Amino acid sequence: MSDELLNLRNQIDSLDEEILARLAQRAQCAQRIGVIKQGNLYRPEREAQVLRRLADANPGPLPDEAVQKIFREIMSACLALEQPLKVAYLGPAGTFSESAARKHFGSAPNFVPTASIDEVFRAVEAGNADYGVVPVENSTEGAVGGTLDLLLANPLKICGEVKLRIHQHLLSRAEGIGAAKRLYSHAQSLAQCHEWLNRNLASLPRVPVASNAEAARLAAEDPESCAIAGEAAAELYGLNRLASNIEDDPNNSTRFLVIAHHDAGPSGQDKTSIVFSAPNRPGAMHNLLEPLARHGVDMTKLQSRPARGGLWEYVFYVDFKGHQQDAQVAGALAELNQCAAFVKVLGSYPVAAI
């Protein structure tokens, strides 16, 4: 071993010990904050500010995303010392929803899989989970209608968002595609990989199942099958990756919402989500959106959804930049409340930091 290599390894050992000592000091500070503060210790706006600040201060050579992931785990572990979190998600284990929950909260919480999006809402509302993570829209397949309906009907708030790049893989116990006699997949994954499947597996029977993780589980039990699922499911069920990144859109991604009994305070880079109904008269939608434009509020999404109260009646979901405590947003909301038949603020929350 060269003297230079030995010296570098000694430096790394010394730095590791220094990092460990600093981590201990940070954890002690977090514990002290837990003693001083009352009530909920998890503050999504504070975590978002920390992650953005560290990315801005990052000198390299580690990329910003790697730095943020490392510090996400540090914050997750420190919070667990004082307030172990229970996070519900659309299961079973190995789904993209679980990956989104872990991306947002780190690995320290107790993650609780549920059988449906409705059960995620119920678990949080009943206090059986502190937070829930639910899909709300996919860049290829569009909005998740069930989530939108539950946001309207449920008293829970949005306190965060997670954006997850969706990479679909063809998984199997077999060593090659030719051995497969059937394909298990969730319907959305089939749609997201439609063109690839038509080019490469056009004649293979496709069996829709409840989730990607369920598809992977079935493929693990059935050696003459394959499944479409993500990396987490492949690792969980010990499957071979026969083909990688088979989604038709290379930018395929899903946006998830974090729901709780509270939303978030201002972080400096925020988003607000609302839902409203328009009276049935000419120009009603223009009148409702005009206050946003007049107050300089930047709308990022407008989604209509059939209302459950009557035939051909709709509610409208709107996302826009800013926090409801910001002066511009508050002014727009005040005017909107005066002219809309119904307005519900679903929550203000930090824009996804990673």
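N154 is found in the loop between helix α6 (145–153) and strand β5, helices (H or I, at least four residues) and strands (E, at least two) being DSSP runs numbered from the N terminus. The model is predicted, so that local features need pLDDT of at least 70 and side-chain atom pairs count only at pLDDT 80 or more, whereas totals for chains, interfaces and linings use all residues. Residues are numbered from 1 along each chain as its sequence is written, and side-chain values use heavy atoms, with hydrogens and water left out.

With a relative accessible area of 9%, N154 is buried; the term buried denotes under 20% relative accessible area, exposed over 50%, and partly exposed the range in between (1.4 Å probe, protein chains only). Neighbours within four places in sequence aside, N154 is in contact with F121, E125 and K344, where contact means heavy atoms within 4.5 Å. The C-alpha atoms of N154 and R122 are separated by 9.0 Å, although these residues are 32 residues apart along the chain.

The protein is divided into domain 1 (1–82), domain 2 (86–166), domain 3 (169–243) and domain 4 (270–350), with bounds that come from an automatic or database domain assignment. Between the C-alpha centres of domain 1 and domain 4 the distance is 39 Å. In an unreviewed UniProt entry, the annotation "domain: Prephenate dehydratase" covers residues 86–261; UniProt positions are given in the numbering used here, feature names are shortened, and annotations may be inferred rather than shown by experiment. The span 86–261 is 33% helix and 34% strand, and its end C-alpha atoms lie 13 Å apart.

Q83 is placed in the loop between α3 (64–82) and β1 (86–90). The relative accessibility of Q83 is 19%, and the residue therefore counts as buried. When residues up to four places away in sequence are not counted, Q83 touches N40, L41 and Y42.

A search of the whole structure finds 18 salt bridges, each defined as a side-chain nitrogen of Lys or Arg within 4 Å of a carboxyl oxygen of Asp or Glu. One of these joins the side chains of R255 and E161, at 2.8 Å from N to O. Because R255 lies in strand β11 (residues 253–260) and E161 in strand β5 (residues 157–165), this pair ties together parts that are 94 residues apart in sequence. R255 counts as buried at 6% relative accessibility, and E161 is buried with a relative accessible area of 3%.

In another salt bridge, the side chains of R182 and D222 meet at 2.6 Å, N to O. This pair links distant parts of the chain, 40 residues apart, with R182 in strand β7 (residues 182–186) and D222 in the loop between α9 (212–221) and β9 (225–229). R182 is partly exposed, with a relative accessible area of 25%, whereas D222 is buried, with a value of 15%.

R217 also forms a salt bridge, with E221 as its partner and the closest N and O atoms 2.8 Å apart. About one helical turn separates R217 and E221, because they are four residues apart in helix α9. R217 counts as partly exposed at 27% relative accessibility, while E221 is exposed, with a relative accessible area of 52%. Elsewhere, salt bridges that share partners join E137, E161, R255, K271 and D319 into one network.
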